[in-house]
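Here is a friendly briefing to read with the model open beside you.

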Amino acid sequence: MSTLRDLAEEHTRLRPADIDHLHRIAGDWQLLSDLSFADLLLWVPVDGDGAFLCVAQVRPTTAPTAYLDDQVGRIVGGPEVAHLEVAHRQGRIWREGDPVWYGDVPARHEAIPVRLRTTDGEAGEVIAVVGRDTNLSTARTPSQLELNYLTTADDLAQMIADGTFPPPRHPGETTSAPRVGDGLVRLDAGGKVTYASPNAQSAYRRLGYASHLVGEDLAALHRRLASDPLEGTDAANGILAALRGEAPPRREIDARGATMLTRALPLMPAGVPIGALVLVRDITEVRRRDRALITKDATIREIHHRVKNNLQTVAALLRLQARRVSMPEARIALEESVRRVASIALVHETLSMSSDEAVEFDGIVDRVASAATEVAATEATVGMRREGSFGVLPAEVATSLVMVLNELLLNAVEHGFPPPPEPTDPTGPGGSAPAEPEGAGPAAPEVVVSAHRFRKMLHVSVTDNGRGLPPDFDAERGGNLGLQIVRALVTGELRGTIELRDGAKGGTEATLVVPLARNESRSAG
Ligand SMILES: Nc1ncnc2c1ncn2[C@@H]1O[C@H](COP(=O)(O)OP(=O)(O)OP(=O)(O)O)[C@@H](O)[C@H]1O
Ligand SMILES: [Mg+2]
């Protein structure tokens with residue numbers, strides 16, 4: 001469907017400022033539609049021939065519509081739009097006596113000229129017409145509420161014709177404005193309540209005000225009710241501003257654990273301030289949920305922080321124990337556990353600083369990788385490089401993946417570049433010497449971690465240019481605890497695949513494919 005702007009630009013010669021004004025009307029006219037119990041159609045004259053184009057439409061939430069079909073995009077000329085023509089040419093609101101019939105539906109037509117005031121405040125020209133069409137089939141003797149709504153609607157209609165409605169918008173107003181049905185209060189020029197809808201009355205009751213609102217000075221009442229005196233003064237000032245003809249921003253009032261959102265609108269048909277319209281909405285539940293969400297977020301972060309601290313304590317205890325045992329194998333095993341625990345702590349540390357359950361993984365990989373190079377026992381340092389990016393990963397994927405990468409990186413450094421055998425101890429760790437490539441000098445020891453995403457899959461490889469896998473290595477099942485952890489996590493937690501093979505240019509290459517769609521939706525659910 002075409003937008004208001006598209007339609008206006010295609011069919012009319014309206015200036016951008018005119019179109020902006022029409023947008024503001026369409027952004028705020030639900031209020032008028034609800035108060036009028038009527039459909040509103042926004043018509044712009046089409047070049048030349050007296051026809052009008054409908055660029056926007058709104059239906060009342062308080063009454064049945066007069067139009068079951070969408071009217072936007074219709075171009076109409078002739079007698080059907082004669083009333084629009086009068087309003088447009090004469091710049092006055094046009095009311096029709098006799099109902100018109102749409103099939104079985106009787107309707108009353110009105111036409112409100114839309115004026116855009118000039119920047120220096122002069123009444124500008126008429127740029128469009130709002131058709132106000134009421135479905136009369138359910139009309140009955142109007143109640144007090146209906147009479148009050150209709151009176152207020154007429155004031156607002158006049159303000160559209162004057163160019164003083166809608167009021168300018170206040171930036172950053174995110175909560176949707178209160179609607180007519182949420183609660184409506186009408187004030188006279190002195191700020192006294194002349195009418196309060198039943199829902200408005202209930203909203204004030206929740207703030208602790210049980211008496212009838214009619215006759216009350218609303219600004220004084222707001223000042224009295226608000227738990228916070230500053231908020232009370234602010235709310236009162238908002239009402240006073242509207243009574244002066246200004247449009248204050250929305251305000252919230254907290255009292256007795258309840259929260260009410262208020263919007264005050266000046267009423268000044270024909271430029272005369274006659275009072276204000278105050279729309280109120282009880283948003284206690286919304287605010288309570290907001291607060292609960294904020295605390296839930298903070299709690300999750302705090303838990304990650306504590307898990308990280310606990311893991312670091314565990315790592316510290318293991319390190320202490322490693323220093324005390326004399327058996328080298330036992331010491332090495334304990335030191336490895338320290339690194340395993342520390343790498344998981346890294347993920348929780350990252351999660352404790354983010355606001356959602358997902359982590360920017362590259363930073364974690366880089367830290368784990370640089371920790372792994374520290375265990376290298378060769379004289380030459382092992383270079384570490386990351387290619388591509390892991391992107392943002394859900395927490396569960398991250399915790400498993402960091403363990404996997406930790407093992408693969410440690411293996412690359414430990415087994416790819418083992419320390420040279422000590423001449424006095426030929427059975428020492430490392431066994432045979434690394435196979436020195438002949439001819440060209442040995443390439444600098446390097447481990448490369450690469451990551452890229454392709455079709456919702458994360459492809460990761462850890463490649464070293466070391467001495468390669470042992471000849472008798474069983475790629476499917478071989479390995480000690482390290483590779484067992486890797487296989488268990490990859491096939492179990494991550495539901496992915498892992499392969500270990502000789503690298504294309506010597507060394508070893510581990511490749512890992514992890515589905516992200518599934519893991520992401522798991523974490524979302
Ligand atoms: N990048 C590699 N280069 C050469 N050999 C490797 C490489 N990765 C693994 N291996 C071989 O696979 C074996 C099994 O690795 P695995 O990680 O399961 O056990 P580990 O490293 O010996 O002990 P740990 O359980 O402490 O990790 C290693 O002992 C090594 O021989
Ligand atoms: Mg290992």
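Let's begin with Gln-57, which is found in strand β2 (residues 52-58); strands here are DSSP runs of E with at least two residues, helices are runs of H or I with at least four, and both are numbered from the N terminus. Gln-57 is buried, with a relative accessible area of 17%; buried means under 20%, exposed over 50%, and partly exposed in between, using a 1.4 Å probe and protein chains only. Please keep in mind that this is a predicted model, in which local features need pLDDT of at least 70, side-chain atom pairs count only at pLDDT 80 or more, and totals for chains, interfaces and linings use all residues. Residues are numbered from 1 along each chain as its sequence is written, chains are lettered from A and ligands numbered from 1 in the order in which they are written, and side-chain values use heavy atoms, with hydrogens and water left out.

**Around Gln-57**

- The side chain of Gln-57 makes a polar contact with the backbone nitrogen of Gln-71 at 2.9 Å; a polar contact is a pair of N or O atoms within 3.5 Å, where within protein one must be able to donate a hydrogen and the other to accept it, and residues adjacent in sequence count only if both atoms are side-chain atoms.
- Not counting residues up to four places away in sequence, Gln-57 is in contact with Trp-29, Leu-40, Leu-41, Tyr-67, Asp-69, Asp-70, Gln-71 and Val-72; contact means heavy atoms within 4.5 Å.

**The nonpolar cores**

- The largest nonpolar core has 58 residues, and those with the most contacts inside it are Leu-22, Leu-31, Leu-35, Leu-42, Val-114 and Leu-156; such a core is a set of buried Ala, Val, Leu, Ile, Met, Phe, Trp, Tyr and Cys residues joined through side-chain atoms within 4.5 Å.
- Helix α5 (residues 144-162) contributes the largest share of this core, seven residues.
- Leu-42 touches residues including Leu-4, Leu-22, Trp-29, Leu-53, Val-114 and Val-130, with those up to four places away in sequence not counted.
- Another core, of 44 residues, lies apart from this one, and among its members are Ile-364, Leu-458, Val-462 and Val-486.

- Asp-162 sits in helix α5 and counts as buried, at 12% relative accessibility.
- Leaving aside neighbours within four places in sequence, Asp-162 is in contact with Arg-115, Arg-117, Met-268, Pro-269, Ala-270 and Gly-271.
- Gly-163 lies in the loop between α5 and β8 and is buried, with a relative accessible area of 14%.
- With neighbours within four places set aside, Gly-163 is in contact with Arg-115 and Arg-117.
- From C-alpha to C-alpha, Gly-163 and His-21 are 9.4 Å apart in space, although 142 residues separate them in sequence.
- Pro-166 lies in the loop between α5 and β8 (184-188), and a cis peptide bond, with omega about 0°, joins Phe-165 and Pro-166.

**Around ligand 1**

- Ligand 1 is surrounded by 18 residues, the closest being Glu-336, Asn-411, His-415, Asn-480 and Leu-483; a residue counts as near if one of its heavy atoms lies within 4 Å.
- An N or O atom in the side chain of Glu-336 is 2.2 Å from an oxygen atom of ligand 1.
- Backbone N or O atoms also come up to oxygen atoms of ligand 1, at 3.3 Å for Leu-481 and at 2.7 Å for Leu-483.
- α10 (328-353), α12 (395-416) and α13 (481-493) each supply at least two residues of the shell, and α12 gives the most, with five.

**Positive phi and a buried threonine**

- Arg-455, in the loop between β16 (446-454) and β17 (457-464), has a positive phi near 45° and is exposed, with a relative accessible area of 71%.
- Arg-495, in the loop between α13 and β18 (497-502), has a positive phi near 50° and is partly exposed, at 41% relative accessibility.
- Thr-511 is in strand β19 (residues 508-515) and counts as buried, at 18% relative accessibility.
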